[in-house]
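Please read them with the coordinates open.

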Amino acid sequence: MNPFKLSVEQLEKKARAIRRRIIMLNANSPAGGHTGADLSQVEILTALYFRLLDCAPDRTEDATRDIYIQSKGHAVGGYYCVLAEAGYFPESWLPTYQHADSHLPGHPVKHKTPGIELNTGALGHGLPVAVGIALAAKKDNSKRRVFAVTGDGELAEGSNWEAALVAAHYGLDNLTIITDKNKLQLAGATSDILNTDPLDEKWRAFGMNVTECAGNDMRAVVETLENLPANGKPNVVIAHTEKGFGISFIQSKPEWHHRVPKGDEIELAMEELKDE
């Protein structure tokens, strides 16, 4: 069971605090960061770690724990902020993000960071491993659930669709794939670079249950994840988000894919993220 079980209102406040952490984390990084991608996924990760996942910092080796895979590994900065907030490692580590010998490198590395379940760097690798973990849990008759967050640009990688075929074939209803559909990637709009729409029809054609929600609306995210179909199929949630959500001058700006706030931008962002 989840050790926090926060209400929607508490989750919203937690998400705002995590966004503040993201700004300072990236501002202190000597090697840049993926601010836009970090911010778009905040509601998803906050809902998972503070309400839904059956896992905890003192259960990282528990064979029954739920597994979360950050397939969009470049957005690890936001993930670190969630893990620190949830107590997986000291908050004092956050200012060391991407510094020499840090526990917090620029992509998830399992042996460096408590709470990380899988090294993910090249896009398209996380989902296939998540499928394997879910399949193993099925064969063990385990009640473990597996969640994986992918980017929408990441779905250009064919390995995702091979994994989807396997997940559907084996009826992995213990697997939930959440696509952070923020509509932007490194070089511009996903629809211009390689259009994957209609994404819902593609996932259904591969044998998935498909649910869509407003991915930056905490109540919508929680209600969607808590009411997924249970009919023997894997679940896909298409979370419609905005890259850089929560900060007006970052939101939906392609240039913030790999950019960090500097100077007055830090103060402006923190002002916008004050508790209401």
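This is a predicted model: local features need pLDDT of at least 70, side-chain atom pairs count only at pLDDT 80 or more; totals for chains, interfaces and linings use all residues.

1. UniProt, in an unreviewed entry, lists residues 22-270 as "domain: Transketolase N-terminal". Over that range the chain is 35% helix and 13% strand. The end C-alpha atoms of residues 22-270 are 10 Å apart.

2. Strand E2. How many of the six residues of E2 are buried? Six of the six are, which leaves the strand mostly covered. Val146, Ala148 and Thr150 point one way from E2 (146-151). Phe147, Val149 and Gly151 point the other way, and these are buried too.

3. Neighbours of E2. Strand E1 (residues 67-70) pairs with E2 in the parallel sense, over four bridges. Within that pairing, Ile67 has Val146 as its bridge partner. E2 is also joined to strand E3 (residues 175-181), by six bridges, and these two run parallel as well.

4. Helix H6, length. H6 has 12 residues. At 1.5 Å a residue the helix should span 16 Å.

5. Helix H6, faces. Which residues of H6 are buried? They are Asn160, Trp161, Ala163, Ala164 and Ala167. These residues cover an arc of only 155° around the axis, so they sit on the same side of H6. Glu162, Leu165 and His169 are exposed on the other side of the helix. The spacing can be read against helix geometry: an α-helix has 3.6 residues a turn, so residues three or four places apart point the same way.

6. Cis peptide. Check the bond from Asp197 to Pro198. This peptide bond is cis, with omega near 0°. Pro198 lies in the loop between helix H7 (190-193) and helix H8 (199-205). For context, most peptide bonds are trans.

7. Positive phi. Most residues other than glycine have a negative phi. Gln98 has a phi near 65°, a positive value in a non-glycine residue. Gln98 is found in the loop between helix H4 (76-85) and helix H5 (126-139). Its relative accessibility is 22%, so Gln98 counts as partly exposed. Asn141 also has a positive phi, of about 60°, although it is not a glycine. This residue is in the loop between H5 and E2. Asn141 is exposed, with a relative accessible area of 71%.

8. Cysteines. A search of the whole structure finds zero disulfides. The cut-off for a disulfide is 2.5 Å between the sulfur atoms. Cys81 is likewise in no disulfide, the nearest cysteine sulfur being that of Cys55. Are these two residues buried or exposed? Cys55 is buried, with a relative accessible area of 8%. Cys81 is buried as well, at 0%.

Terms used. Residues are numbered from 1 along each chain as its sequence is written. Side-chain values use heavy atoms; hydrogens and water are left out. UniProt positions are given in the numbering used here, feature names are shortened, and annotations may be inferred rather than shown by experiment. Buried means under 20% relative accessible area, exposed over 50%, partly exposed in between (1.4 Å probe, protein chains only). Two strands pair if DSSP finds at least two bridges between them. The expected span of a helix is 1.5 Å times one less than its number of residues. The arc is that of the directions from the helix axis to the C-beta atoms.
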